[in-house]
Each structure stands twice: as C-alpha cells, then as structure tokens.
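Hi everyone, thanks for making time this morning. Let me put the structure up on the screen, and then we can walk through a few parts of it together.

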Amino acid sequence: MNAILFDLDGTLTDPKIGITTCIQYAIANLGYQPPATTDLLWCIGPPLSVSFAKLLETNDRDLVDKAISLYRDRFSTIGLFENLLYPDIPETLKLIRNEGYQTYVATSKPHIYAKRIIEHFGLSSMFDGIYGSELDGTNSIKSELIRHILDQENIAPAQTVMIGDRYHDVVGAKQNQVLAIGVTYGYGTEAELKEHGVDLLAHSPQEISHLILNIIV
C-alpha cells in the first residue's frame, strides 16, 4: 500500500455542531420545523442533496437546491469552524507519513470548504492532496470521488486504502477495488460498516496507524 485516503467528517474531525446547526438553519428558513440535533446525526456523511431530499420529503430539485444554498450561507462563514479535531489525529497522520505513505483527504464535502477546515486545524502539511466535491454536486458520490482521485494521482487501486466512518466510504472503496478501513468512533456503526463489506475496523485513530503499519503493509 502506498496511498491512504481519509474521509473528513466523522473520521478526521467531529463536525456535529456545524452540520446539524446549518441544516436546522436552512430548514427553518424554508418555513419548516427543523428536527432536533440528535435526529440529524445520520446526515453527517451523505451528500447534502440526499439528506435534504429525505428531510424535506421531496423530489423537488429546486427546493433541495434552495435548502443547500441556505445551508451554505451559514456554513461558509460560521458552520465549518464549529468543528473539533478527533484526539490523536495529528500524531496518527505523522506516523503514517513518516513511513512514506501518501495521504489524501477524500470527502463528499465541497473541496473549497474541506481545504479551509484542514488549514484551520493546521493539517495542510499532512496531506498530498485535499479532494472533495464541486459546488454543483460533481464527485459528491464517494465512488466517483475515489475514482477521480485514483485517476488524478495515478494511483493503483490495489495500493490504496480508504478510511471512513460511514457505509458510503466502504461502498465507494469497494466499487473501486480499494481496501476499506471503517472507523467506529465517528457517525457510522460497526454493524453498518460490516453490512457493506468493510475489510478492517479501527476503534480509535491510534488503531488506524497500527492497521496500516503492522497489518496491511
């Protein structure tokens, strides 16, 4: 293995406050009663278009796009910083990079926000590239994003690992013949990850480096 792809939300950082508050803001500004924070945790991971379509119980693309626009009004200035770095993430990244691995961020979040979040936490030097979706939704599906990264960086799937906390990460990896490590400290469950065929599980950031450096070398 020589390339490690990291999901952002629920894997590197805990974005609960920012994401849920921005969703509530968007729904309230559309005239609906927003769900409680605890009822929005499932929205951490999937593309916003999928989450808002389900929350608003609609197939109306214009309504979903309006919700996303309202979400971004708040997220781009406030919400992206309502975020916490998981403990031991910097140390984990440093260990992996010191062994010569290339590391990349692979998030469904727009890359313009992902880069600002990575910079905010002082992690820019820890990644060879930060990849995310475009504002129009291109590459918001994890399988498409991973394929894009493999093509752009000329990385062989057999030499790549995808690390994430939701089934989207596992499915995206599998559809690209990439090994999948699921983390259980984020917003997906162990059952969810196993159901979709995760290869290995890490219950803490330290276990990520242990698996990479000792198990799948």
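This is a predicted model: local features need pLDDT of at least 70, side-chain atom pairs count only at pLDDT 80 or more; totals for chains, interfaces and linings use all residues.

Which residues of α1 are the buried ones? They are Gly-18, Ile-19, Thr-20, Cys-22, Ile-23, Gln-24, Ala-26 and Ile-27. The helix itself covers residues 16-29, and its 14 residues reach 20 Å from first C-alpha to last, close to the 20 Å expected at 1.5 Å a residue. After α1 comes Gly-31, with a positive phi near 95°.

Now for the core. The largest nonpolar core has 49 residues, and Phe-52 and Phe-127 are the ones that touch the most other members. As for who contributes, α3 supplies the largest share, seven residues. Let's look at Phe-52: setting aside residues up to four places away in sequence, its contacts include Ile-23, Ala-26 and Ile-27, along with Val-64, Ala-67, Ile-68 and Tyr-71. There is also another core apart from this one, with 18 residues, including Leu-5, Ile-149, Ala-173 and Val-198.

Thr-13 sits in strand β2, residues 13-14. Is Thr-13 buried or exposed? It counts as buried, because its relative accessibility is 1%, and the cut-off for buried is under 20%. Its side chain makes a polar contact with the side chain of Asn-83, at 3.1 Å. Beyond four places in sequence, Thr-13 also touches Leu-8, Leu-84, Leu-85, Tyr-86, Ile-117 and Phe-121, among others.

That's my tour, and I'm happy to take questions!

How values were computed
Residues are numbered from 1 along each chain as its sequence is written. Side-chain values use heavy atoms; hydrogens and water are left out. Helices (H or I, at least four residues) and strands (E, at least two) are DSSP runs, numbered from the N terminus. The expected span of a helix is 1.5 Å times one less than its number of residues. Buried means under 20% relative accessible area, exposed over 50%, partly exposed in between (1.4 Å probe, protein chains only). A polar contact is a pair of N or O atoms within 3.5 Å; within protein, one must be able to donate a hydrogen and the other to accept it, and residues adjacent in sequence count only if both atoms are side-chain atoms. Contact means heavy atoms within 4.5 Å. A nonpolar core is a set of buried Ala, Val, Leu, Ile, Met, Phe, Trp, Tyr and Cys residues joined through side-chain atoms within 4.5 Å.
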